[in-house]
Amino acid sequence: MRKITYLILVLIFKSFSCTSFACYSEEIWYGMNFDFPQKEMNFSIIDLGDKKVFRMAFIQNGKCFVYGYNSDGVLSTVQMRYPQSSFVTPGVDEISFFDAWIYASHNFTNMNSFKEYLQTGGENGNGIKVVQTPPLTIHTLNVDKTGYGFVLEDSDNGNEYTEVLDGKLVMSNFLNYQFAGQPYNNVSGVGADRFKYVSEYLEENFDDFNYDNAWQALQGSIQSSGSYKTLCSSIFDPENNNIYIVLNRDFSKIWKISLTSSTIETYSGFENFWSTSLDDDGISSNTLLSLTDLNEQLPAKSKLSVYPNPFNPTTTVKYELTNSSNVLISIFDSNGSIVKKFNEGFKSIGKHEITLNCSDFTSGVYYLKLETLNHNLIKSLTLIK
């Protein structure tokens, strides 16, 4: 199995809350509200050769992953689970829940195969037990576009699977397997109110569940008060491999991620259009908010190119103006902070170019913004030293 180095938040908060769901109607939609103390987030896409994986993480001394969605239509989300349990060191034929999340989202094309791996894998083919390791007690929702999936949890009896029932699966923070097959109004524990709302909404709107319904299911279950507010809401369209995200409970502005083209763009609610590519380094939530707040625009008649890209340490920036204008160039880092800014002065209509020297920058992804009187242009830069 592919191994990924990752860091996990060490602090545990009793009010942690998230909500995930999958709905299999004529259209298939997954959704998740990520509720957490205010943290910067990172959105990235990695290419594994046979598939791509879109990942969301919050940033705390590194990337702490929350969900992974792959181009086979598999989603695996990580959520805090209550009550908390004691931690162990994985032994023979045991893996942590974080490793299980990686396996599900990075290595499997469907959840039947993942479940079979857990049930029949191991040294003697007797199965693999998923165990809790420091610092967080968690469980995962694992679904695919065939209509199958389950909430994966642990108990004294081993792995517990709460499977899709009647085309629907919802996960909150209590032990879901203890209420498997029961009416959703019977559940109790941390997150029961959110679980009941989403379950009822899916039930009432199941026959024609669509894009707007997916957002409503999340909007009705956000946390807007307390220390664990909803920082990111995401819905997933596995038929087209598109993901849509909302930041900080502002459902009037929606970004769209295409796993096929490895891009993220402004989709709804923005005055102007802005788009950039996504790779393993990703883009932070702060950068998204900073760049789109500047009313980025890519007019069809305007042109901006950077070559070579990636580069080290110099590259050529070429741009073409449709109107004479003063030209201002700014370079942002991945956190949305300006690291260099210079005025090109007044430029006439036509083609222009400059040589950009980034020898004083560290390796990473940057964003070049070219401002003129009539429009702004954005281009991502990758410096490799």
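This is a predicted model: local features need pLDDT of at least 70, side-chain atom pairs count only at pLDDT 80 or more; totals for chains, interfaces and linings use all residues.
**Close-up views of charged and buried residues**

**View 1. A salt bridge joins the side chains of Asp-154 and Arg-81.** The nitrogen-to-oxygen distance in this pair is 2.8 Å. Asp-154 belongs to strand E10 (residues 149-155), whereas Arg-81 sits in the loop between strand E6 (75-80) and strand E7 (94-96), so the pair ties together parts that are 73 residues apart in sequence. As a general point, side chains of opposite charge can pair when their charged atoms come close.

**View 2. Lys-340 and Asp-360 form a salt bridge.** Here the closest N and O atoms are 4.0 Å apart. Because Lys-340 lies in strand E22 (residues 338-347) and Asp-360 lies in the loop between strand E23 (350-357) and strand E24 (364-371), the pair ties together parts that are 20 residues apart in sequence. Lys-340 counts as partly exposed, since its relative accessibility is 23%, while Asp-360 has a relative accessible area of 55% and is therefore exposed.

**View 3. Asp-50, Lys-51 and Asp-72 are linked in a network of salt bridges.** Asp-50 counts as exposed because its relative accessibility is 59%, whereas Lys-51, at 4% relative accessibility, counts as buried.

**View 4. A patch of negative charge on the surface gathers Glu-26, Glu-27, Asp-207 and Asp-208.** One of these residues, Asp-207, is found in the loop between helix H3 (192-204) and helix H4 (211-219). Is Asp-207 buried or exposed? With a relative accessibility of 65%, Asp-207 counts as exposed, because the cut-off for that word is over 50% relative accessible area.

**View 5. Thr-133 is placed in the loop between strand E8 (129-131) and strand E9 (138-143).** Its relative accessible area is 12%, and Thr-133 is therefore buried, because residues under 20% are given that description. Which residues are in contact with Thr-133, leaving aside its neighbours within four places in sequence? They are Phe-87, Val-88, Pro-90, Ser-96 and Phe-98.

Note on methods. Residues are numbered from 1 along each chain as its sequence is written. Side-chain values use heavy atoms; hydrogens and water are left out. Patches are made of residues with over 30% relative accessible area and no salt bridge: like charges are joined within 9 Å, nonpolar side chains (Val, Leu, Ile, Met, Phe, Trp, Tyr) within 5 Å. Accessible areas come from the Shrake-Rupley method with a 1.4 Å probe; for residues, only the protein chains shown count as cover. Lys and Arg count as positive and Asp and Glu as negative; His and the chain ends are not counted. The place of a charge is taken as NZ of Lys, CZ of Arg, CG of Asp or CD of Glu. Helices (H or I, at least four residues) and strands (E, at least two) are DSSP runs, numbered from the N terminus. Buried means under 20% relative accessible area, exposed over 50%, partly exposed in between (1.4 Å probe, protein chains only). Contact means heavy atoms within 4.5 Å.
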